[in-house]
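Look over the structure below before reading on.

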Amino acid sequence: MKFDVGYMIAVVMPQLIWAIPMTLTLTIVCAIIGNALAIPVALARLAVNPILWIPARLFILLMRGTPLLVQLYFIYYGVGQLIPGWMMRGYPFLRDGIWYAIFALSINTAGYTGEILRGALLAVPYGEIEAARAFGMSRSQVFWRVRLPRAIRICLPTMSSETILLLKATSLASLVTVNEVLRTANTIRIETYRVYDTLIGAAIVYFIIVYGLTRGLNWLERRLNRDRLAIPSTIKSAVKA
Amino acid sequence: MSLAWGDAGYGDDFFWGVCNTLLISVCAYAVALVIGLLGAWAKLCHIKVLNRAGDTYTTVVRSLPELLFILLIFYAGTPALTRLLVNIHLVEEGFEINPTGAVIFALSVIYGAYLTDVLRGGIQSVPKGQIEAAKAYGMHAPLRFVRILFPQMIRFAIPGMGNQWLNITKDSALVSVVGATELLSVGRGAANSTKHFMFYFGVTALLYLALTVFSLALLSQLEKRANRGVRRV
């Protein structure tokens, strides 16, 4: 049992690289579903009607107050048990852990992002909403065209760090039989008793993915804030002169 | 499906599970605080090599999944450390590191990195003039730290430190994967042997939730105490 760089590059790495698409797919799918679900959660949390805000608050507390692993086990073993046998036999894909992993990661993201989005919606300057009303926009137009885009811009840095956390959290899916990077590494580790090559290989792969994703999200942030970061042309010409 | 005490149910098992989770979290958090203080000092001092080392440490830990890091330390780090200790004749052949100790070490290395950044932010928030004034009074460095820097730094760092405490209690669930006994492993054991998955994982989740709610109440008290004497704007 010793560290062998040659073995790691020749045998472990190719298999881990084949597993990267699964990790990325999980991240992207759950980010899309989770962030989309976060909008109704945040709206319900902000509502005046207690029938809306009490459940939203409980949902957020439950998602943020319990470990993701417990949520995943609850959904995979607990909810999975409720599905009747004939359905399991009729639709074999229900046996696959990936659907439970996607479900758990998505609602978890919805809870975390919902709370972030709530803060951002409150931080939208009121003058902008008044201006939109003055233009004669309806309530839903004000929300979709002014308030939500502005709120997303406000919480973009927090949301991108949430996405990195989501990417790291997809490694938990390895515990419910999803063949992503960590499970692939673990399977090789158990079959070959090579601890160092496999786990360090996985660490290198995750480091590179996280680095790439961070750069990508930074680029997106700069691009969405282009108008704010750009130096006004009047100042530019003044500097030139 | 029972939470009775003793052999009839899993009540006492859950109780000891909560105790173990708390033990692991408290120990790991205490070690992480020490690592965090050292890390913050390394990042802020004037020695370039230490700056670089601190940055590398936090970047690497932050970009690896916690579960992978725990596996890495448990399966790769512990044997390596044991071998090292045997080779330098500090312990005898056949010595084994306590698995609970190993997972506490893993969690504290992870949270040491997060606390490094929280504490560094806290230190940087203390106005420079305060330190200069303390120097002008003739206080030496340890006294400046104890009397001026630390109490004010804690005030700025408490919200971040509280968040990391909440995270560490939740991430301690991950150590059940390597076979350490804590709340989630108790819940899993109960669920597996009775097949009442929903009930026992539900109970587990509620106990974690209770831990979080209790911690939140405690943290808001701590925050109030750290901010006494400061005018609210």
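This is a predicted model: local features need pLDDT of at least 70, side-chain atom pairs count only at pLDDT 80 or more; totals for chains, interfaces and linings use all residues.

Residues are numbered from 1 along each chain as its sequence is written, chains are lettered from A in the order in which they are written, and side-chain values use heavy atoms, with hydrogens and water left out.

A nonpolar core is a set of buried Ala, Val, Leu, Ile, Met, Phe, Trp, Tyr and Cys residues joined through side-chain atoms within 4.5 Å; buried means under 20% relative accessible area, with a 1.4 Å probe and protein chains only. The largest nonpolar core has 110 residues, and Leu16(A), Val181(A) and Leu68(B) are among those with the most contacts inside it. Helix α4 of chain B, residues 99-125, gives the most to this core, with 14 residues; a helix here is a DSSP run of H or I, at least four residues, numbered from the N terminus. Another core, of 16 residues, lies apart from it and includes Ala42(A) and Met159(A).

Where is Ser172(B)? Its place is in the loop between α6 (141-171) and α7 (183-194) of chain B. Ser172(B) is buried, with a relative accessible area of 0%. Leaving aside neighbours within four places in sequence, Ser172(B) is in contact (heavy atoms within 4.5 Å) with residues including Thr21(B), Leu107(B) and Glu182(B).

Conventions:
Helices (H or I, at least four residues) and strands (E, at least two) are DSSP runs, numbered from the N terminus. Buried means under 20% relative accessible area, exposed over 50%, partly exposed in between (1.4 Å probe, protein chains only).
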